Amino acid sequence: MSSFTDYSENAILNWLRGSANMPAAVSPRIALFTVAPNEAGTGGTEVSGAGYARVAATFGSPSGATISNTAAVDYGTAGAAWGTVVAAGIYDAATAGNLLAVQNLVTPRVIANADPVSFPIGSLTFVVA
């Protein structure tokens, strides 16, 4: 299954048909979700409050229609329980913005108060299939 949302898929199709340029996600941000959004980019529940904020991420060159983070994605320490994180998504902005891709975590993570929250290099992978 593709990680791309409808927003990204439509942007690619519009680029392919020559009707729009693909905007670069200059500073992609990783969001965490306790309820995963659907392919339309809606219906999800992003973690909020208690020291949470989307984190900038860097990705390597695509290989096999897949990209992964090339640096740790570090959220610091949770200021309260964030719940069970089940998915991560790439946004094109620190707040609001467009959800570009979303992927379920292989293993959901329960984030309790004072837990350090970090994803090591290569642990966040997004696929175009």
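Colleague: With which side chain does the side chain of Arg54 make a polar contact?
Modeller: Happy to start there, keeping in mind that this is a predicted model. Arg54 sits in the loop between β2 (45–46) and β3 (55–56). Its side chain makes a polar contact at 3.0 Å, and the partner is the side chain of Glu46.

Colleague: Nice. Is Arg54 buried or exposed?
Modeller: Its neighbours, not counting residues up to four places away in sequence, also include Arg29, Ile30, Ala31, Glu46 and Tyr75. Buried means under 20% relative accessible area. Arg54 falls under that cut-off and is therefore buried, with a relative accessible area of 11%.

Colleague: Let's move to the surface. Which residues form a nonpolar patch there?
Modeller: One member, Leu16, belongs to helix α1 (residues 6–16), and Leu16 is exposed, with a relative accessible area of 58%. The patch has about 440 Å² of accessible area together, and its residues are Leu13, Trp15, Leu16 and Met22.

Colleague: And Asn14, which residues does it touch, leaving aside those up to four places away in sequence?
Modeller: Asn14 also lies in helix α1. At 26% relative accessibility, Asn14 counts as partly exposed. Beyond four places away in sequence, the residues touched by Asn14 are Ser19 and Ala20.

Colleague: I like to check backbone angles. What is the phi of Ala65?
Modeller: Most residues other than glycine have a negative phi. Ala65, in the loop between β3 and β4 (66–68), is partly exposed, with a relative accessible area of 38%. Although Ala65 is not a glycine, its phi is positive, at about 65°.

Colleague: Which loop holds Ala114?
Modeller: Ala114 is a residue other than glycine with a positive phi, near 70°. Ala114 is partly exposed, at a relative accessible area of 49%. Its place is in the loop between β7 (99–111) and β8 (116–119).

Colleague: Stepping back, how many helices and strands does the protein have?
Modeller: Reading from the N terminus on, the elements run α-β-β-β-β-β-β-β-β-β. That comes to one helix and nine strands.

Colleague: Why can we call the protein as compact as a globular protein of its length?
Modeller: The C-alpha atoms fill a box of roughly 50 × 30 × 25 Å along the principal axes. For 129 residues the globule rule gives 14 Å, and the radius of gyration of the protein is close to that, so the comparison with a globular protein of that length holds: the radius of gyration is 15 Å.

Colleague: What share of the contacts with a separation of 6 or more comes from residues 24 or more positions apart?
Modeller: Contact here means heavy atoms within 4.5 Å. Among the contacts in the protein with a separation of 6 or more, residues 24 or more positions apart account for 68%.

Colleague: Last one: what part of the accessible surface belongs to carbon and sulfur atoms?
Modeller: Of the 129 residues, 29% count as buried. The accessible surface of the protein comes to about 6900 Å², and the part that belongs to carbon and sulfur atoms is 58%.

Key:
Residues are numbered from 1 along each chain as its sequence is written. This is a predicted model: local features need pLDDT of at least 70, side-chain atom pairs count only at pLDDT 80 or more; totals for chains, interfaces and linings use all residues. Side-chain values use heavy atoms; hydrogens and water are left out. Patches are made of residues with over 30% relative accessible area and no salt bridge: like charges are joined within 9 Å, nonpolar side chains (Val, Leu, Ile, Met, Phe, Trp, Tyr) within 5 Å. Accessible areas come from the Shrake-Rupley method with a 1.4 Å probe; for residues, only the protein chains shown count as cover. A salt bridge is a side-chain nitrogen of Lys or Arg within 4 Å of a carboxyl oxygen of Asp or Glu. Helices (H or I, at least four residues) and strands (E, at least two) are DSSP runs, numbered from the N terminus. Buried means under 20% relative accessible area, exposed over 50%, partly exposed in between (1.4 Å probe, protein chains only). A polar contact is a pair of N or O atoms within 3.5 Å; within protein, one must be able to donate a hydrogen and the other to accept it, and residues adjacent in sequence count only if both atoms are side-chain atoms. The radius of gyration is taken over C-alpha atoms; the globule rule is 2.2 Å times the number of residues to the power 0.38.
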